[in-house]
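Please work through each task before reading its solution.

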Amino acid sequence: MIEIRDITKDYGKLRALTDVSFTCPDGKITGLLGVNGAGKTTLLNIVTGCMPPASGSVRIDGLDLKTNGRDCRRHLGYLPERPPLYDEMTVRDYLTFVCRLREVERRGIRHHVDNIVDLCGLGDVRDRQLGHLSKGYRQRAGIAQALCGDAPVLVLDEPTVGLDPRQVAEIRELIRTLGKDHTVLFSSHMLTEVQSLCQRIVILHHGKVLREEKIESLENGGKNTELRISVRASAKEVQSVLREMEGFRKLQLLPETEAGCTEGILVVFGETRHAEEKLFRLLAARDLPLRLLYPKKDTLEEVFLQVTAQEGETA
């Protein structure tokens with residue numbers, strides 16, 4: 001678990017972070033989301049002990065980073081935005097070197113490195129020099145060094161930046177696998193990446209935490225329920241019937257609609273239970289064929305833009 005409390009950081013007169021607080025629960029993947037310059041890398045440098053905060057505290061698995069720095073680092077593996085690789089070393093030799101730095105028991109290093117190489121998909125290049133590897137393999141090697149010492153907490157800064165689509169998919173799958181046995185905090189400005197991987201989300205904007213929630217809570221937030229519908233009937237008929245539905249608020253008609261059909265977003269009050277069933281029965285009773293019905297969830301992009309826009313209005 002990572003517990004971040006009231007972290008503030010200044011660079012001279014520039015305030016990079018302001019009272020940042022959130023928690024990364026055990027066994028969950030938490031995404032730190034924000035535009036470039038939001039303060040993500042600064043925060044991760046503080047969480048990993050690479051720089052001190054002006055104020056606030058960080059706890060790793062219950063240990064305070066300020067007073068138990070050495071023990072905290074044993075519980076934590078870190079992938080910076082630029083992997084700390086020695087290009088003249090082979091993959092195997094480099095990971096062996098990192099294991100020695102992290103005080104892995106010498107007689108167990110070989111087996112430990114072999115397991116990490118297999119997990120990170122580095123078997124085909126284990127004896128190649130790091131400087132001769134592709135960007136994708138270098139990222140894998142960077143993640144592999146974070147796993148040396150079997151730290152239960154992983155912090156990854158932009159782990160897929162600069163990769164091609166295939167490499168991005170491979171690294172995402174690796175992070176998803178690691179999330180089954182580790183507490184993972186990773187930063188990204190790629191919304192689709194965060195939405196596909198994370199159970200929790202933290203939105204950082206101008207050095208402040210705007211939202212900290214489970215990903216499904218963000219997608220389903222709000223007081224209203226929205227349903228995407230398509231009915232083989234005129235808009236006038238559909239509007240007339242929907243006004244009889246419990247909790248009906250409005251119907252937002254979509255501009256492109258098949259002839260003879262009405263398509264739109266039905267908005268009902270969030271307190272209305274079983275809205276889909278009630279809509280189906282109501283239309284069936286009026287002999288209006290329902291062609292399409294499914295809940296409309298906000299994408300992470302929509303949530304992010306809405307939250308950051310609101311912050312801009314109140315700033």
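**Exercise 1. State the volume of the largest pocket and describe its lining.**

Solution. The largest pocket holds about 520 Å³ of space. A pocket is an open set of points on a 1 Å grid over the protein atoms alone where a 1.4 Å probe fits, with protein on both sides within 12 Å along at least five of seven lines; lining residues have an atom within 4 Å of a point. Its volume is the space filled by probe spheres set on the points, which are joined across faces, edges and corners. The model is predicted: local features need pLDDT of at least 70 and side-chain atom pairs count only at pLDDT 80 or more, whereas totals for chains, interfaces and linings use all residues. Residues are numbered from 1 along each chain as its sequence is written, and side-chain values use heavy atoms, with hydrogens and water left out.

Next, consider the lining. There are 21 lining residues, and Arg73, Leu76, Val98, Leu101 and Arg102 lie nearest the centre of the pocket. Two or more lining residues come from each of α2 (69-74), β6 (76-79) and α3 (91-101), where helices (H or I, at least four residues) and strands (E, at least two) are DSSP runs numbered from the N terminus. Helix α3 gives the largest share, four residues. By class, the lining has 12 nonpolar, three polar and six charged residues; Ala, Val, Leu, Ile, Met, Phe, Trp, Tyr, Cys and Pro count as nonpolar, Asp, Glu, Lys and Arg as charged, and the others, Gly among them, as polar.

**Exercise 2. Determine how α3 is oriented to α4.**

Solution. The axes of α3 and α4 (residues 109-119) are 10 Å apart, at an angle of about 125°. Axes are lines fitted to C-alpha atoms, for helices over the stretch in contact, and angles run from 0 to 180 degrees between N-to-C directions. The two helices α3 and α4 are therefore oblique to each other; under 35 degrees counts as roughly parallel, over 145 as roughly antiparallel, 65 to 115 as roughly perpendicular and the rest as oblique.

Then identify the contact (heavy atoms within 4.5 Å). From α3 come Arg92, Leu95, Thr96, Cys99 and Arg100, and from α4 come Ile109, Arg110, His112, Val113, Asp114, Ile116 and Val117. These residues divide into six nonpolar, two polar and four charged.

**Exercise 3. Determine how α3 is oriented to α5, and which residues meet.**

Solution. The axes of α3 and α5 come within 9 Å and cross at roughly 25°, which makes α3 roughly parallel to α5. Tyr94, Leu95 and Val98 of α3 meet Ala141, Ala144 and Gln145 of α5.

**Exercise 4. Determine how α5 is oriented to α6.**

Solution. Helices α5 (residues 135-147) and α6 (residues 165-178) have axes that come within 10 Å and cross at roughly 15°. This makes α5 roughly parallel to α6.
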